[in-house]
Each structure stands twice: as structure tokens, then as C-alpha cells.
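Colleague: I've got a new model open and I'd like to learn how to read it. Could you walk me through it, feature by feature?

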Amino acid sequence: MQRRSLLFVLALCLGLASYQPPSRDLVAVKAGTIYTLEQDQVLEDGVLLVRDGKIVALGQGIEIPGDARIVDYGPDSVLIPGLVAAHSLYASGRPSARTASPGLRAVDGFDFYSKLAGAVSSGVTSLYITPAENRLIAGTGGVVKVRGRNIQERTLNPNAAIHGAVDSSARNTPGFWEPPIPATVDVGIGYAKPQLPKTLMGAMVALSELVDIARSGDTESDYGPAIPADL
């Protein structure tokens with residue numbers, strides 16, 4: 001059986017996304033097989049017209065304007081829509097000392113100038129990035145594009161979700177110790193206080209208490225300072 005070359009949407013990521021055509025520049029991409037998002041269509045010998053980096057037409061038998069630049073990947077090529085990595089660690093940093101830290105944002109730790117060649121070569125065009133791991137509430141996750149001309153263009157949603165876990169990865173949060181200032185003989189230096197959750201039930205209790213804290217507007221709690229009201 002003839003081996004087919006699977007290009008994913010690499011033709012779009014590398015050939016189009018990284019290439020910034022001049023104004024009104026038209027590119028016609030031809031492939032043996034093109035998968036679309038509409039009604040699970042599969043086009044044989046399809047044509048993709050792209051102007052200024054955006055798809056303007058897709059189908060079979062499309063008339064290609066004479067001024068279009070033609071990119072023909074051949075009859076054995078396959079194009080599919082860009083993939084979305086639903087979980088990636090490109091921005092994951094060191095977790096907070098507290099079991100809940102919703103103020104930690106993944107987009108603040110993401111390198112918007114990185115090339116992400118591994119993701120691009122796999123056909124990935126968008127990423128959900130995590131702020132950190134191993135916490136009940138690790139922070140706020142975001143959604144970004146793999147490629148783009150600037151930070152604004154690459155940021156799809158800076159506050160896509162509150163990122164957390166209730167499994168075993170979140171149950172080993174170390175005790176929290178905040179030494180008093182100043183430390184005196186009468187006060188001492190304190191000790192590390194255990195934090196929830198240690199069990200699945202503890203995670204449920206902690207989440208319930210976090211919701212109550214957010215609703216009450218408290219700025220200080222056993223889970224950390226300044227719990228946002230929109231938690």
C-alpha cells in the first residue's frame with residue numbers, strides 16, 4: 001500500500017501562519033485530501049484559498065485566480081484542521097506554597113516569543129496552558145495560539161479556566177509556614193500548618209469552603225490571601 005504523507009495543518013502553520021503575505025496576496029493550497037469541520041466533509045483534490053493568512057474559500061473545482069501563488073502538496077498529501085492541545089505545560093511554573101492560588105496566571109509565565117517547533121510540527125495550532133500543577137487550585141489557565149505576530153494576536157483567552165485537581169496530585173500539598181515578623185521569644189517562629197486536601201473528601205470540603213470565602217468577600221483565609229470573588 002502506498003504510504004501517504006500526512007501534513008496535518010502543517011501547510012497552514014508553517015507555509016501560511018509563519019509566512020506573512022503582503023496585502024491582498026492570495027495563496028492557493030492544493031492537496032489530495034482535505035478534511036473539513038463542516039459536516040465531516042472529506043474533499044478529494046481540494047483547493048484552499050488563503051488571503052492575508054485567512055481562509056476565504058475551500059472546495060473542489062474552485063477557480064484559481066491568475067495572480068494567486070500556488071502551493072501544491074501533491075495527490076498523496078492530507079490536510080486537516082489545526083489541532084488544539086487541551087493540556088500543555090509550556091507555561092507551567094512552580095506552584096504556590098498555598099493549596100489554592102487562583103491569582104497565578106498561566107499567560108504570565110508563557111514565552112510568547114518561543115517558536116514551539118515541536119507543537120507546530122505535530123499540527124497543533126492552539127494550546128491550553130496551565131499555570132502550575134499539584135495544587136487543589138493551581139491558578140488560572142489560558143488559551144493561546146502557537147504562532148502569531150504579537151502577544152495580543154496570540155492570546156485567545158487569558159483567563160480560560162480555574163485550573164486545579166482533586167486527585168492524588170493535589171493531596172500532597174506541603175504544610176504552610178509563614179514566619180512572624182518580627183520573631184520574638186514570646187511569639188516564636190511558628191510552624192508549618194497542614195493544608196487541605198489530604199483525601200478526596202478533604203478536597204470536596206476545601207472547594208466548598210473556597211466558594212463560601214469568595215461569596216463572603218473575605219480577603220484573608222487559611223487557603224491564601226485575596227481569594228477572588230469570581231472564583
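This is a predicted model: local features need pLDDT of at least 70, side-chain atom pairs count only at pLDDT 80 or more; totals for chains, interfaces and linings use all residues.

Colleague: Okay. How many helices and strands are there in the protein?

Modeller: The protein has 4 helices and 10 strands. Going along the sequence, the pattern reads β-α-β-β-β-β-β-β-α-β-β-α-β-α.

Colleague: Back to pairing, then. In what order do the 4 strands of the open sheet come?

Modeller: General idea first: strands of a sheet pair through backbone hydrogen bonds, either parallel or antiparallel. Here the order is β7-β8-β9-β10, and the pairing is mixed. β7 (83-88) and β10 (155-164) are the edge strands, each pairing on one side only. From one strand to the next, the twist averages 20°.

Colleague: Which strands pair in the parallel sense, and which run antiparallel?

Modeller: β7 and β8 are the parallel case, with 4 bridges. Within that pairing, Ala85 has Leu127 of β8 as its bridge partner. β8 and β9 run antiparallel and are joined by 4 bridges; there, Ile129 is partnered with Gly142 of β9. β9 and β10 also pair in the antiparallel sense, over 6 bridges.

Colleague: And is β9 mostly covered or mostly open? How many of its residues are buried?

Modeller: Mostly covered: 7 of the 9 residues in β9 (137-145) are buried. For the protein overall, 36% of the 231 residues count as buried.

Colleague: Let's move on to cores. Which residues touch the most other members of the largest nonpolar core?

Modeller: The general picture is that in soluble globular proteins, nonpolar side chains tend to be buried together. In this model the largest nonpolar core has 14 residues, and the ones touching the most other members are Phe110, Leu116, Val124, Leu127, Ile129, Val144 and Val146. Both α2 (117-121) and β8 (124-129) supply at least two residues of this core, and the largest share, 3 residues, comes from β8. Apart from this core lies another, of 9 residues, including Val27, Leu48, Val50 and Val71.

Colleague: Take Ile129. What is it in contact with, leaving aside neighbours within four places in sequence?

Modeller: Ile129 contacts Ser88, Tyr90, Ala91, Ala106, Val107, Phe110, Gly141, Gly142 and Val144. On the scale of the protein, take contacts between residues at least 6 apart in sequence: 61% of them join residues at least 24 apart.

Colleague: How about rings? How many aromatic pairs does a search of the whole structure find?

Modeller: The search turns up 1 aromatic pair. Phe110 and Phe112 form it, edge-to-face, at 4.9 Å centre to centre with 90° between the planes. Phe110 and Phe112 are both buried. A charge can sit over a ring too: Arg98 lies over the face of Phe176, at 3.9 Å from the ring centre.

Colleague: One last thing: why does Ala68 count as buried?

Modeller: The cut-off is under 20% relative accessible area. Ala68 is buried because its relative accessible area is 14%. This residue lies in the loop between β4 (54-59) and β5 (69-72). Leaving aside neighbours within four places in sequence, Ala68 is in contact with Leu26 and Ala28. Ala68 and Ala28 are 40 residues apart in sequence, yet 6.2 Å apart in space, C-alpha to C-alpha.

Conventions
Residues are numbered from 1 along each chain as its sequence is written. Side-chain values use heavy atoms; hydrogens and water are left out. A nonpolar core is a set of buried Ala, Val, Leu, Ile, Met, Phe, Trp, Tyr and Cys residues joined through side-chain atoms within 4.5 Å. Buried means under 20% relative accessible area, exposed over 50%, partly exposed in between (1.4 Å probe, protein chains only). Contact means heavy atoms within 4.5 Å. Rings of Phe, Tyr and Trp (its six-membered ring) pair if their centres lie within 6.5 Å; planes under 30 degrees apart count as stacked, over 60 as edge-to-face and the rest as tilted. A charge sits over a ring if NZ of Lys or CZ of Arg is within 6 Å of the ring centre and within 35 degrees of the ring normal. Two strands pair if DSSP finds at least two bridges between them. Axes are lines fitted to C-alpha atoms, for helices over the stretch in contact, and angles run from 0 to 180 degrees between N-to-C directions.
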